[in-house]
Every structure is written in C-alpha cells, then in structure tokens.
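Here is a friendly briefing to read alongside the model.

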Amino acid sequence: MPAAVKSVARAVLPAAVIRRARAAWEDVGDWRDTAAFGTWFLLHRSPMPSRLIFFGFAAGDDLLCTAVLRELRLRGADRLLMVSSHPDLFLGNPDPAYVRPIWRRYAPYNSTVAVCRRFARIAGAAFIQPEYAPPIGEDRRRIPSRHVIAEMCARAGITGKVSLRPYINLSDAEKSAAAWAREAIVVQSSGMAAASPMRNKQWYPERFQNVIDAMKGEAEFIQLGSGDDPVLRRATDLRGRTSIRQSAAILHHARLYVGTVGFLMHLARAVECPSVIVFGGREAPAQSGYICNANLYSPVACAPCWRGNTCELDRQCMQEITEANVVDAIRRMLVRPRGPLETESVDVASG
C-alpha cells in the first residue's frame, strides 16, 4: 500500500478497516505477481512446470535444495522449477529446468509462499516446500529426526536411497580465476550476517584469531564472509568482496574450510572441499553435517537444542570447544589426501 495512502488512512479510518484494506492490497499484489509469473512461461513458450520448489530466502537452504532437485531428476522428474532469491547458485545445473528469482525481493515470506502455491495450482504443478525444521516457538525449531537433506527429500515425496550432499556447477573459467587459492585454508569468523542470524551457531572471533596465530608458518589463510564479520589478522581479507560463485571457486581450490554451521559449510561440501566445523551443541553433525568433515560437537545435556539465540547456560556447548581442539582437527585433516570426499547415502522411507 503506497505511503501516502497509509498516512491518510491512519488519520481517518479505524484500525480494523486499515487491516482489511492492507490484506486486500497485498492479495492484489499476490495475484499480480502470480499473473506475471505465468506470463513469463507463455512469452518464452515454455511448458508449465511439473513441480515448483520454494524454501525461503536463505542461501544455505537454497543450496540444500540442489540435493532435492538432483534426487528428483534421478527418478525421472522433469520440468522442475526452482524459485530462489539466489539464482546464481543454479547456473550450469542441469537439474532444474527453470530457475526464477523472487519477483519482489522484500516480499513477506507468507506472501511469497501464497504466490508460489497459487501459481503451482494454476499450472497443475506440485508445490514443494521442503522445510526440515519448522518453528515451534519464539526461538526454537522442531528437531529433525534425520539428516536435513533426507528430511527435505521426504517432504518432496522422494523415497529410496539419497546422497547427503549439495551441488554447484562451476565453469572452467571460474575455476581458473581462483587457482591462486590452491592449498590455502579458508576461514569465516562469524555467520551473524546470515538471512536468519543465530547466536547459538557462533563460536568466538578471538578464538578463530588464536587458531590462525597458532598455525603461523604452517598454512596460508583466506577470510571469506560478510564485510561486517570481525576481521582476522594474518589472513587474506576478502570479506564482502566475493560473489557466491567466486567464493565457491576459491573453496574448490582450497585445502580446507574452517568455520561454523552455515552457508559456507554447505558450499564447501558442494565443491569437494573438506572442512573443520565447530558445531557446538545447537545441532548435531548427523542432522546437518557431512561425514567427510571434522565435526566438533559438544554433547551437553541440552544438545541438540535447535534454538536460535536463547540459552540459559551461556552457550556451554561452544565454550567447551577450545582453540587447541580446532588446531588439532585442522592438522589431522591436512594429513588426509585432498581427493574426492566420501558421500553418505541413506534410505528415505515414505511418509
């Protein structure tokens, strides 16, 4: 609803009337977006999709959707439509037939879901919303009983064996441009710039710094992440200076990634880069990690809690993981060959 209209409405209309007017306006917007979505298919003379997949606005969750797309394609599904605000993740990926960006970048989540659901119904397509841990309160999510990729596949109607890994396709030119990063260790000091920042996923920037200091002379470090992340000394500072695909190319060549649970952990796995991940206790490695990595988990009494930011124990699970633990894990990983990573597969039962 335009700002001028809102201002006048607040001055002369009851609050209940304003709420109804706002809902009506948003519904008009939803229908306009739905029509625009369908028009794109008509103009491009493209067959309507058989399935529409939309998760949300986080890059990590969209990257995990590549596992769902791959498993659907392996089972003969075609005309898959991925709706994402991070379309670059899917460049060169043969699994989705169509990738459409979010039409209104700052649209409310529920409004975007409504448009996707409505368009899928009009197109005769199945709408897949592969949420693996729905919210069950102000700051908690339902704890998944299996790996999040397995849960996502189950919600997409997939059964049988699935591979627990995401995918990204880099061109030879993209790989070549990042060849300078070969053998370096990539590190991220914080994930609080994420679409949904969670304090309970965070380790401590000063401890990351101590890890780098302890390994002086043993390895070169590259810092990726948001420009707002705490800077780390003795690391090549690329905070806020790389695109998603440039970060992926750097990780493709890197010897190792060191960080916490988040987008770069999944991106590293997508390009076959081994990792040392500080899990703490918010979630367990079996729920969201990869067996090829060194996963540092604290099985305290309340773990895994799947809380975002609240904790009555001052995040004991993170406090218990020391710089020495991380340095030891890095050195153990550096001894391993850099070859293709082990991929875990699990059977997904119906329902």
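Let's start with Arg 155, which counts as partly exposed at 34% relative accessibility; here buried means under 20% relative accessible area, exposed over 50%, and partly exposed in between, with a 1.4 Å probe and protein chains only. This is a predicted model, in which local features need pLDDT of at least 70 and side-chain atom pairs count only at pLDDT 80 or more, while totals for chains, interfaces and linings use all residues. Residues are numbered from 1 along each chain as its sequence is written, and side-chain values use heavy atoms, with hydrogens and water left out.

**Salt bridges**

- Arg 155 forms a salt bridge with Glu 151, and their closest N and O atoms are 3.2 Å apart; a salt bridge here is a side-chain nitrogen of Lys or Arg within 4 Å of a carboxyl oxygen of Asp or Glu.
- The two residues sit four apart in helix α5, so about one helical turn separates Arg 155 and Glu 151. Helices (H or I, at least four residues) and strands (E, at least two) are DSSP runs numbered from the N terminus.
- Glu 151 is buried, with a relative accessible area of 11%.
- Side chains of opposite charge can pair when their charged atoms come close.
- Glu 71 and Arg 75 form another salt bridge, with 2.8 Å between the closest N and O atoms. Glu 71 counts as buried at 3% relative accessibility, and Arg 75 counts as partly exposed at 38%.
- Asp 95 forms a salt bridge with Arg 73, their closest N and O atoms being 3.1 Å apart. This pair links distant parts of the chain, 22 residues apart: Asp 95 is in the loop between β2 and β3 (98-101), and Arg 73 is in helix α3.
- Asp 95 counts as buried at 4% relative accessibility, and Arg 73 counts as partly exposed at 39%.
- Arg 70, Arg 73 and Asp 95 are linked in a network of salt bridges.
- Across the whole structure, a search finds 17 salt bridges.

**Nonpolar cores**

- The largest nonpolar core has 57 residues, of which Leu 251 and Tyr 257 touch the most other members. A nonpolar core is a set of buried Ala, Val, Leu, Ile, Met, Phe, Trp, Tyr and Cys residues joined through side-chain atoms within 4.5 Å.
- Two or more residues of this core come from each of α3 (59-74), β2 (80-84), α5 (148-155), α8 (244-253), α9 (263-270) and β10 (275-280). Helix α3 gives the most, with seven residues.
- Leaving aside neighbours within four places in sequence, Tyr 257 is in contact (heavy atoms within 4.5 Å) with residues including Val 186, Leu 251, Leu 264, Ala 268 and Ile 277.
- A second, separate core of 28 residues includes Tyr 204, Val 276, Ile 321 and Ile 330.
- In soluble globular proteins, nonpolar side chains tend to be buried together.

**Val 278 in β10**

- Val 278 is found in strand β10 and is buried, with a relative accessible area of 0%.
- Not counting residues up to four places away in sequence, Val 278 touches Trp 203, Gly 259, Thr 260, Val 261, Leu 296, Met 318, Ile 321 and Val 326.
- From C-alpha to C-alpha, Val 278 and Gln 202 are 8.4 Å apart in space, and they are 76 residues apart in sequence.

**Pockets and cavities**

- On a 1 Å grid over the protein atoms alone, a cavity is a set of points where a 1.4 Å probe fits but cannot get out, and a pocket is an open set with protein on both sides within 12 Å along at least five of seven lines; lining residues have an atom within 4 Å of a point.
- The largest pocket has a volume of about 1,400 Å³; a volume is the space filled by probe spheres set on the points, which are joined across faces, edges and corners.
- Of the 50 residues that line the largest pocket, Ala 58, Ala 59, Gly 60, Ala 194 and Ala 195 are the closest to its centre. Helix α3 gives the most to this lining, with four residues.
- The second largest pocket has a volume of about 160 Å³, and among the residues that line it are Pro 135, Glu 138, Arg 141, Met 198 and Arg 282.
- The structure holds three cavities of 30 Å³ or more, and about 100 Å³ of space lies in the largest cavity.
- Of the 13 residues lining the largest cavity, Cys 302, Cys 305, Cys 311, Arg 315 and Cys 317 are the closest to its centre.
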